Amino acid sequence: MGRVSPLAQWGVLLVASLLLGLVLQWFHVPAAFLLGPMMVGVVMGLKGATIRMPPAYFWAANAILGCLVAQSLSLSILSSLLQEWPLVLGILVATLAASGFSGWLLVKFSALPGTTGAWGASPGGASAMVAMSSEFGADVRLVAFMQYLRVLMVTAAAAFVARLSLGETAAHNTAALIWFPALDWRFFATLGVACCGVLFGRWLRLPSGALLGPMILGAALHSTGTLTLQTPEWILSLAYAFIGWSVGLSFTRPIFLLAIRTLPQMMASIVGLMVLCGGMAYGVTLLLPVDILTAYLESSPSGLDSIAVIAAGSNVDMAFVIAMQTLRLFSTLLFSPVLSRYISRHTALNAT
């Protein structure tokens, strides 16, 4: 792909992503226009493609997704989380402990340095983890590879679980989609909320601010009845594709060759974390009146953006999923520096 002109690469990416997305949509796979472009991007990235998604497009996609999520959020979800605070706290602590243990095993049984293994194993927003890891001496390339590899695996697994859980309902939901509804002033107001939300998130320096800023601002307007947000299916699919391309094209050949020696350990770490979170999801269904898919998505160790896409296309309690994922993102950002220092220090002591 490196010998092909950038314009031709974009053409291949667009056509192949559209075709694969339509095929996945035909088979009623949730988040078809996230998974299709993501898989095409992975193949092209490993084949040496030189094109990359501009950051502005990734921010725009997250802003649109934030407006979608905002339509499901209300103050009632906060009260329900407070009522179940021991369980919520237990899930957060267990996820952090599992990711820390996974990072420690990675460092102990691979050639990865301590900080790199710890940041690569941290769940939450992949882009936020990559950005923060550079400040703590980690190899950003390996952290990015581990983070996006986990996003890819967890997203595919979550979509598969969603497909199994939805069954025939998926066909009904897909058939009921209206791709190009009539638009009015609320659509343009929603775009304004998305733009203002991105600025708001960056001003407050929120992690994943392009997603959380519009989500917070949109939820405040939508839940109070001030503005009914409009996110038509065509713009959502475009946003999903932008996110999928951003993740997929990150899997470049040089980074893959750099990570190949520790790839088995990385895969084992990711699978182990997925199994642990799946076990927690089953425990949640025994303690709370939620279905298995809702529990799986809220405990899934992927990025907030990709889980939001799958939740939006599934019959789940989206507010609960997003609230738990957001809480885990903030707790991960708060404690990951501590975990990375601890793992790095203790592995260094054991080595001596």
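Author: A term first: buried means under 20% relative accessible area, exposed over 50% and partly exposed in between, with a 1.4 Å probe and protein chains only. The model is predicted, so local features need pLDDT of at least 70 and side-chain atom pairs count only at pLDDT 80 or more, while totals for chains, interfaces and linings use all residues. Residues are numbered from 1 along each chain as its sequence is written, and side-chain values use heavy atoms, with hydrogens and water left out.

Reader: What percentage of the 352 residues is buried?

Author: The protein has 352 residues. The buried ones make up 52%.

Reader: How many helices and how many strands does the secondary structure have?

Author: Helices (H or I, at least four residues) and strands (E, at least two) are DSSP runs, numbered from the N terminus. On that count the protein has zero strands and 17 helices.

Reader: How many residues of helix 2 are buried, and what residue follows the helix?

Author: Helix 2 is mostly covered, with 12 of its 15 residues buried. Among them are Phe 33, Leu 34, Pro 37 and Met 44. The helix is followed by a residue with a positive phi, near 95°, namely Gly 48.

Reader: At what angle do helix 1 and helix 2 pack, and what is the class of that angle?

Author: Axes are lines fitted to C-alpha atoms, for helices over the stretch in contact, and angles run from 0 to 180 degrees between N-to-C directions. Helix 1 (residues 6–26) packs on helix 2 at about 140°, with the axes 8 Å apart. Angles under 35 degrees count as roughly parallel, over 145 as roughly antiparallel, 65 to 115 as roughly perpendicular and the rest as oblique. Helix 1 is therefore, relative to helix 2, oblique.

Reader: Which residue classes make up the contact of helix 1 with helix 2?

Author: Contact means heavy atoms within 4.5 Å. Residues including Val 12, Leu 13 and Ala 16 in helix 1 meet residues including Phe 33, Gly 36 and Val 40 in helix 2. Ala, Val, Leu, Ile, Met, Phe, Trp, Tyr, Cys and Pro count as nonpolar, Asp, Glu, Lys and Arg as charged, and the others, Gly among them, as polar. The contact has no charged residues, six polar and 14 nonpolar.

Reader: How many nonpolar residues are in the contact of helix 3 with helix 12?

Author: Helix 3 (residues 55–70) and helix 12 (residues 233–248) pack at about 135°, with axes 9 Å apart. In helix 3, residues including Phe 58 and Leu 65 meet residues including Ala 239 and Phe 242 in helix 12. By class, this contact has no charged residues, two polar and 12 nonpolar.

Reader: Why does Glu 298 count as buried?

Author: Glu 298 lies in helix 15 (residues 292–299). Setting aside neighbours within four places in sequence, Glu 298 contacts residues including Ile 91, Phe 320 and Arg 328. Glu 298 counts as buried because its relative accessibility is 2%.

Reader: How far apart in space are Ala 295 and Gly 283?

Author: Ala 295 is also found in helix 15, and counts as buried at 0% relative accessibility. In sequence, Ala 295 and Gly 283 are 12 residues apart. Their C-alpha to C-alpha distance is 8.7 Å.
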